[in-house]
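User: I'd like to learn how to read the fold of this model, step by step. Could you walk me through it?

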Amino acid sequence: MPDGALPVLDVRGLKTIFQTRAGDVHAVNDVSFALKPGELLGVVGESGSGKSVTMMSLLGLLPSPPAQVERGSVTFDGKNLLQVDPETLRQVRGGKIGFVFQDPMTSLNPVFNVGNQIMEPLRKHMGLNKRQAAVRAKELLELVGIPDAAQRLKDYPHQFSGGMRQRVMIAIALACDPKVLIADEPTTALDVTIQAQILDLMKDLRSKLGMAVIWITHDLGVIAGIADRVIVMYGGQVVEHAPVKELFKNPQHPYTRALLKTIPTIHGERAARLTIIEGQPPIMMDAPSACPFRDRCDVAFDRCQQENPPRYDLGNGHDAACFFDARTGGPRDA
């Protein structure tokens, strides 16, 4: 990835709410990030932190109502995807931006064989006829490592294992040679052996195809092995952003440090308890007016209860939304 390259995807000030009977749920709050050509951006955080909702907001994949993108911009190919007409968005979605969903069994249609499901975007976005699409579908199954591809095109999703179904989902997402691939926790439901195979596959495909990837996960171990940069989300906000090595070496936000402490290790006493983050994630019924992590934070002080901290630039592509300066061990200057 060349230094100074223009972003292939540029997200600024994204805000998404869900309108419910109990009131508006502020699921995504002022999220901004940029994705450069060919890089892999990791997005980490607990369940409910806003990772998946943020990425679905970019492509209009949330049901409306109740979801509503209130403001922000998503610039791709010189266009704001939040303002384009539905047909233009459909051409981008599945064509220039691929999406791998978390659960392949519920994402694949059980009444169509996988061949038809891979061929659909090829015919829709690339204008291939049925014969051409079938040839390309076979090539895609071979690309993602499914043996006997010509025969397996005739099989249905239930005839594949969990790992193979996920490979089919990746094949569908890659069908139209997208510039960007968004992978929403694609290895969560898989055992560790299959997870390792999928990770190796994604590394290989990224190297071959040169696409940019956004990888959503709650597993920092996965991120450490594949990402170039990482954004950490909590309470629907980006609380820290850094190159991957910098994040692990020098985490600045208390939430990031707490996440890193929860990773199990093979060292230490056998009877030692696993580290947990005490407390509960915030209930986001109000627009954030204070630090969302304040009630679970071990370094919070009065200002954290009164203001929502901005993202402070720490240099070297590193920023953190925290009033506590971990480098000095005291409050950050106002």
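User: Among contacts in the protein chain between residues at least 6 apart in sequence, what percentage join residues at least 24 apart?

Analyst: A contact here means heavy atoms within 4.5 Å. For this chain the answer is 63%. Before we go on: this is a predicted model, where local features need pLDDT of at least 70, side-chain atom pairs count only at pLDDT 80 or more, and totals for chains, interfaces and linings use all residues. Residues are numbered from 1 along each chain as its sequence is written, and side-chain values use heavy atoms, with hydrogens and water left out.

User: What does the radius of gyration say about the chain?

Analyst: The radius is taken over C-alpha atoms, and the globule rule is 2.2 Å times the number of residues to the power 0.38. The chain has twelve helices and 14 strands; helices are DSSP runs of H or I with at least four residues, strands are runs of E with at least two, and both are numbered from the N terminus. Its radius of gyration is 21 Å, close to the 20 Å that the rule gives for 334 residues, so the chain is as compact as a globular protein of that length. The C-alpha trace spans about 65 × 50 × 45 Å along its principal axes. As for burial (under 20% relative accessible area is buried, over 50% exposed, partly exposed in between, with a 1.4 Å probe and protein chains only), 48% of the 334 residues count as buried.

User: In what order do the eight strands of the open sheet run?

Analyst: Strands of a sheet pair through backbone hydrogen bonds, either parallel or antiparallel. Two strands count as paired if DSSP finds at least two bridges between them. Here the order is β6-β7-β8-β3-β9-β10-β12-β11, with mixed pairing. β6 (97-100) and β11 (312-315) are the edge strands with a single partner each, so one side of each has no neighbour in the sheet. On average, neighbouring strands are turned by 20° against each other, direction ignored. Glycine 98 sits opposite leucine 181 in β7.

User: Which strands does α7 touch?

Analyst: For angles, axes are lines fitted to C-alpha atoms, for helices over the stretch in contact, and the angle runs from 0 to 180 degrees between N-to-C directions. α7 (residues 162-174) packs on the sheet, touching β6 and β7, and its direction makes about 170° with that of β6. Eleven of its 13 residues are buried, so α7 is largely enclosed by the rest of the structure. Among the buried ones are Gly163, Arg165 and Leu174. The cover over them includes α4 (114-126), α5 (130-143) and α8 (192-209).

User: What about the other open sheet, in what order do its four strands run?

Analyst: That one reads β2-β1-β4-β5, with antiparallel pairing. Its edges are β2 (23-35) and β5 (79-80); each has a single partner strand, so one side of each is left without a neighbour in the sheet. β4 (residues 67-76) and β5 pair over two bridges, and threonine 75 has asparagine 80 in β5 as its bridge partner. Helix α1 (residues 51-58) lies across β1 (9-20), β2 and β4, at about 110° to β1.

User: How many disulfides does the structure hold?

Analyst: A disulfide is a pair of cysteine sulfur atoms within 2.5 Å, and the structure holds zero. The sulfur of cysteine 297 is 6.0 Å from its closest cysteine sulfur, in cysteine 322, too far for a bond. Cysteine 304 has its closest cysteine sulfur in cysteine 291, at 5.6 Å, also too far for a bond. Cysteine 304 counts as buried, at 7% relative accessibility.
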